[in-house]
Amino acid sequence: MMNSSLLWAVDVYGRVYCLSTAGGRWERSKDKVLELKRVAAVKQCCWGIGCDNQLYLNVNPSDTAIRYQEETYENQRWNPLDGFTDSLLPTDRWSWTDEAGLNSQPLHSFQLPSESWEWEGDWFVHDESCGRPSTNTGGWEYAVDFPASFSKEKKWNSCVRRRRWLRNRRYRAFGSWSKISLDRGRPPPQPFTDISCGGHLMSHSSEKRLYLWAVSQQGRVWFRSGIQHLRPEGCGWEEVAAPGEVAQVSCGPGDLLWAVLWDGQLLVRTGVSCEQPKGSSWTVVEPPKKNMGAALVSVGMCVVWAITKDNKVWFRRGVNSHNPCGSGWINISGEMLMVSVGPTDQVWGIGSEDRTIYFRQGVTASQVTGTGWTPVLAQWDSSRPADGQPSHDFSGEMTDSSQGSVLGLEDSLGGPDSPVPKATIPKITSDSFISALVSDRECTIRPAGRTPLTTVPAENPEAQGEDGEEEEVPLTPSEAPSQAAGVDPWSNVDLEEEAKGKRPAGPAGATAQRVSVATYPLELPEVEERPPWAWVSGGGCVLISTSKVDWLESSADKSSSLSLSITPAHASGEKKKEASEEQIFEKSVSVTKGHLRWWRDWQPHQWEEVSIALEQAITEQGRRDDILYLYYKQNDEKKFLCTPISEVTALVPKVRESPYCFAIYTAERTRQRWPLLLSTPTQQDLQQWLSLLGESCCHSKGIVGWPSEQALWAVTSKGDIMVHEPTQSLEASTPNPACDNMFWYQVPGHLHTVECNSLGVVWGIGFDHTAWVYTGHRGCSAEGKRSFSLHCFDPADVRSIFIFENQRWIPLTGYTDKGLPMDRHMWSDASGLKECTKAGTKPPSPQWTWVTDWAIDYSAPEGTDKEGWQYAADFTAAYTGNKTLKDFVRRRRWVRKCRLQLTGPWEEVPPIPLSDITILPCLAKSSMEQVPLWAISERGDVLCRLGVTRENPAGSSWLHIGTSQPFCSISIGGGHQVWAIARDNSVFYRGSVSAQNPAGDCWYHIPSPPKQNLKQLSVGRTSVYAVDENGNLWYRQGVTPSYPQGTVWELISNNVSKVSVGPLDQVWIMAEKVPGCPSDSPGVVCHRAGVQPMQPKGQSWDFGIGGGWEHLSTRGNSQDAPRALARSPLPPRTPRQVNGNIIAC
């Protein structure tokens, strides 16, 4: 069950009320004379500023008494004549001091801090100062001299002694308001205008300290320390210099402190901590509006709310103890005079129109801005009526004019038929309600013995007299306090008198005569209506999202007409029914927090435990503005990293020292080759964060649904499928390349290769050579409109993991696993640089599961002997399957298969396993009955897929194309040009391929570059590019429609692993050995800049994202870059006119 806590509020008359979460009624303060302007509450107490600008404290009742023990020490020195006496040497300490002897503390100097304390008995000697009881020593401790250590035992050289005196005092002012007295010996601070308390949750120790901040009339900031359980009033004031005149201050339960200057700017106190509760410096924060300053700010644990001078409500984004200044403002619906944030970041406010207290519903740890405002409609306590019912309880004192008189209610109200209008309460602020009370309580002095009636102008035309002048309507005694005869009219405000005797609001048509007789000290029956609120403090009201509070539930029922998306100003302004019919987007902020590990990419390079928070904000017109925060410590200093989601370019799973790792790329981090690496504890957490961040990125980029038909597809070395939605500016010839700004997002699935075209046909090949077709575009019409939902299947992939067993020949023992000191590991990967044992080798990621055991692989490319061994002269030399006399080392490959099961939009195309695939690149508006698709099987056979269309991307059947040898790479380009590479590195061109003859006629041999073996090629509209085994990129010159075989190969670049040429001859590659990229993670996406019809080879490379990328296909991007019309070198000519009509020049 939730413990009870209090919500404190002050009305415009200075009366203080509290509302318990365990009850359902407002309870007024027991001190009827006390009038406060503002209150600041925490769970254990409430502070207030009175109308006399003095400070008051109300400590909530508790079962545990507050006792404080005062102590002082009596000191004596031994002399030969008198023994031990209080006659000390001039250099000694005083006779009565503190324990250290630095301050004089005689018994008579101790006084009670305030009237809230009382003594419990007289001074007594503490007889156990050294930790053991002793009734014979009188509590004395002995030592050689005062600076020495004291003990209970008296020795021959004990020249001084001391004993400890104690006296207890008890705090007695529980549940009542007590004035904080001035600090003795210190100049009193100036009168206060604002206070705020908090900081009690900064420390995790059992002893909680509370800190009080105040603002004086001159705009100075004061800090009160020493507030704790045994000292609820604190010990003293200290001034904190501020760079301006402060109007208001707000302190959160943690280490957040904000202030408002008179000019509307905001200040943030930085460096606040348990060791330095006053902080170190101020930081200026601009208000939400440049032309509208801030009027009030309220701070919670990790949130900041503000009110501007036009009563608009604002929420500060990104606020945290690591980032106390936050990152930006977002406007929240509603118009409020003030807001107050509770210890659990719950928000309370006072409406600007109706001065009703509102509660922000839906505020949780993740939904920090809540969903809407709901009014608090709690009933009054038992001594006051609820919902307009009359009260028959009498309290207080009669005024002079009513003492000793007996009055009937009719007489005092002017008769049973006299109208009883309600006095209009002006719209005032919490700081100026005294002046409003003056105008509201002005009255005419009448003779004693008669209750005066005050008049107010009628608010409707019917109340006017016949001569057009406004009639004076008599008010009730509650609206016009009685005055003694001979008293001058009010020259100031006496808030100690309370408006009394309001006429109860009875049912409509009620004419029953109400007569009440009162004698001293009774008073007239009063009906208290709901007062206009001036201030509310929720710092002591502890609510959580699951809390069930009666007065909040009842208020929700009573205000069923108040929609959560409607502001308090809308609710109170029902007469303003001309609301706009435009769609209203409720601005909100939600936060998802977690604890992850972060790879520090500077010294010391290591994994560190950090906290991250994804802040998702819905701004104007429903736009998303999300930010990812990372909080860490460096040299015990709190710091943070801030990454706007709109700047994120990719989320890529990684395999590092941690198996559950992913990288976050931005344009800047892409250029630096240092992505933000994060690691989660489990695979489930990894998928949840990738899904959450991926959805946030897509929303910020405006990407909804499946990839478009123009998308670029890529595959990482881990098998993850990445997609980029291109724009027309991607291929534009601009001085600022956009490759590093490309946004890549992940598509469910796991493939080794993927190919696409601009008609929405996407095929992929898994690591086990299974062919898959993408079903996400299925159901899209020719215009690209969605017709039905995504088709999801359960694609699986099987991958082979290889390790090598290495041995060296030794003359005495033969081949053994005892190698030389400089040799590679006896169990390693193919390079020999990394040790890989059977027991230590794991699947690529936790999603993979082993399906076989380790076995010798006899299918190594170089061949093996009957035991699977391959021989070489040294580990770095070439291996063969036959042993010779010069072979001193050998190795054999072990294989183990693992399986991955996923769910994604991929449908299997059985039954032939494939090793390469290509699809005809074409323009998006192209219309063709069948889409040409060629492939190479795992055995090297060339295949042509029949029946492939936009509606049926899987096709119907395979057509085998005859070859003289197995092939390894194939590509089809514009004009149905089919190029291929055989396994012996020979290059071929397929002649006579067309839409009518999809298989072509014969193969034409194309010479390879001199002394180079090509391994992969790609054909565009008119360009042919190829990559050799040494990583060189070649361009085929002379390719024309009349001579499609071209003439000669031209070297373009090196360090290239794969190339992809698009339908507009755009060139993209996967580069290796890029500066700044880790050598163990090659594969960087690069774009050839400057490719134009007259310059097909381009000019330079634009480096993009990379580090562990394997394959890229740009063959679906047919969006041509916008081209500006060339300006004519000739001056423009004025067109000629004939008969008034313009003709050609």
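This briefing walks through some aromatic rings in the structure above and what sits around them. Keep in mind that the model is predicted. To talk about a pair of aromatic rings, you give the distance of the centres and the angle of the planes. Here the count comes to 37 aromatic pairs.

**A tryptophan pair**

- Take Trp744 and Trp1109: their rings pair up edge-to-face, with 5.3 Å from centre to centre and 65° between the planes.
- Trp744 belongs to strand E42 (residues 744-747) and Trp1109 to strand E70 (residues 1109-1113), so this pair ties together parts that are 365 residues apart in sequence.
- Are these two buried or exposed? Both Trp744 and Trp1109 are buried.

**A cluster of rings**

- Trp979, Tyr989, Tyr1004 and Trp1049 come together as one aromatic cluster.

**Charges over rings**

- Over the face of Trp140 you'll find Arg161, at 3.9 Å from the ring centre.
- Phe802 has an arginine over its face too: Arg893, at 4.0 Å from the ring centre.

**A closer look at Phe110**

- Where is Phe110? Look in the loop between strand E9 (96-97) and strand E10 (117-126).
- Phe110 has 15% relative accessibility, and buried means under 20%, so Phe110 counts as buried.
- Leaving aside residues up to four places away in sequence, Phe110 touches Glu70, Glu71, Thr72, Gln105, Trp119 and Trp123.
- Phe110 and Arg167 are 57 residues apart in sequence, and their C-alpha atoms are 9.6 Å apart in space.

Methods
Residues numbered from 1 in each chain as written. Predicted model: local features only at pLDDT ≥ 70, side-chain atom pairs only at ≥ 80, totals over all residues. Heavy atoms only, no water. Phe/Tyr/Trp six-rings, centres within 6.5 Å; stacked < 30°, edge-to-face > 60°. Helix = DSSP H or I, 4+ residues; strand = E, 2+ residues; numbered from the N terminus. Buried < 20%, exposed > 50% of the residue type's maximum accessible area, 1.4 Å probe, protein only. Lys NZ or Arg CZ within 6 Å of the ring centre and 35° of its normal. Contact = heavy atoms within 4.5 Å.
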